[in-house]
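Colleague: I am new to this structure and would like a close look at one part of it, the salt bridges. Please take me through them.

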Amino acid sequence: MVGSRGAPGRGATTEIQGSRGLSMKVRFGPFELASELRQVLKNGVEVHLTPKAFDLLELLIAEAPRVLRKNELHDRLWPGTFVSDATLVGLVKEVRRALDDRDATSPLIRTAHGVGYAFAGTLERVVGRPAVTRWIVADTRRIPLPIGEHVIGRDPAAAVFLDVPGVSRRHARIVISDGGALLEDLGSKNGTKLRNKSVTGVMPLRDGDEIHVGPSRLIFYASATNISTETIL
């Protein structure tokens with residue numbers, strides 16, 4: 001969804017595209033969200049959010065000021081998977097805590113009682129393509145891998161969510177650092193393979209590597225090419 005809104009002293013909103021794989025860099029108050037980096041900063045310091053909580057915040061911002069109904073949030077955050085309403089409520093609470101969103105008269109995350117949730121803050125949005133140097137392709141999904149740990153598995157909170165029989169809840173993980181990318185099996189039942197070899201310890205990843213997580217095939221990519229950004233104020 002594309003929108004435009006603003007308020008004196010709190011920034012202005014410019015046109016952006018939707019979330020989940022598209023470039024989006026957004027400022028609101030002391031916070032900044034960069035979708036491709038999967039990162040939220042407060043006054044330049046990273047704010048911790050679980051992967052699904054980040055997805056929820058990104059989605060609400062991308063669709064602001066529209067109210068997203070609960071069933072739509074379920075479908076977009078956990079496609080093809082049954083998750084209770086309590087899980088969604090827990091994610092909303094996590095996002096509110098991370099944003100210190102406690103002012104009931106001017107909330108960032110607004111509850112439309114009996115319907116769903118919306119992002120109600122005033123936004124300054126920056127459209128661009130921050131460099132994503134490493135990513136995974138799973139089926140048709142392109143999942144950026146910024147610096148940090150990325151769990152692969154059937155756990156809905158996993159960074160690389162695979163709802164496939166034969167994949168453990170926490171099957172494997174990829175750890176990204178300035179020095180490179182490492183793959184590790186997390187004691188899964190059906191094992192992890194890299195370049196057709198079983199992963200028994202920590203193994204380095206290279207561009208184009210095939211990873212088999214149980215029956216699922218993933219492709220790891222790494223690129224040293226930076227992509228320029230364009231700021232729209």
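**Salt bridges**

Lysine 25 and glutamate 32 form a salt bridge, with 3.6 Å between the closest N and O atoms. The term salt bridge stands for a side-chain nitrogen of Lys or Arg within 4 Å of a carboxyl oxygen of Asp or Glu. Lysine 25 has 27% relative accessibility and so counts as partly exposed; buried means under 20% relative accessible area, exposed over 50%, and partly exposed in between (1.4 Å probe, protein chains only).

This is a predicted model, in which local features need pLDDT of at least 70 and side-chain atom pairs count only at pLDDT 80 or more, while totals for chains, interfaces and linings use all residues. Residues are numbered from 1 along each chain as its sequence is written, and side-chain values use heavy atoms, with hydrogens and water left out.

Another salt bridge joins arginine 76 to glutamate 63, at 3.2 Å from N to O. This pair links distant parts of the chain, 13 residues apart: arginine 76 lies in helix α2 (residues 70-77) and glutamate 63 in helix α1 (residues 51-63). Helices are DSSP runs (H or I, at least four residues), numbered from the N terminus. Arginine 76 is partly exposed at 30% relative accessible area, whereas glutamate 63, at 6%, is buried.

Arginine 154 and aspartate 163 also form a salt bridge, their closest N and O atoms lying 3.5 Å apart. Salt bridges with shared partners join Lys25, Arg27, Glu32 and Glu124 into one network. Over the whole structure, the search finds 15 salt bridges.

Key
Helix = DSSP H or I, 4+ residues; strand = E, 2+ residues; numbered from the N terminus.
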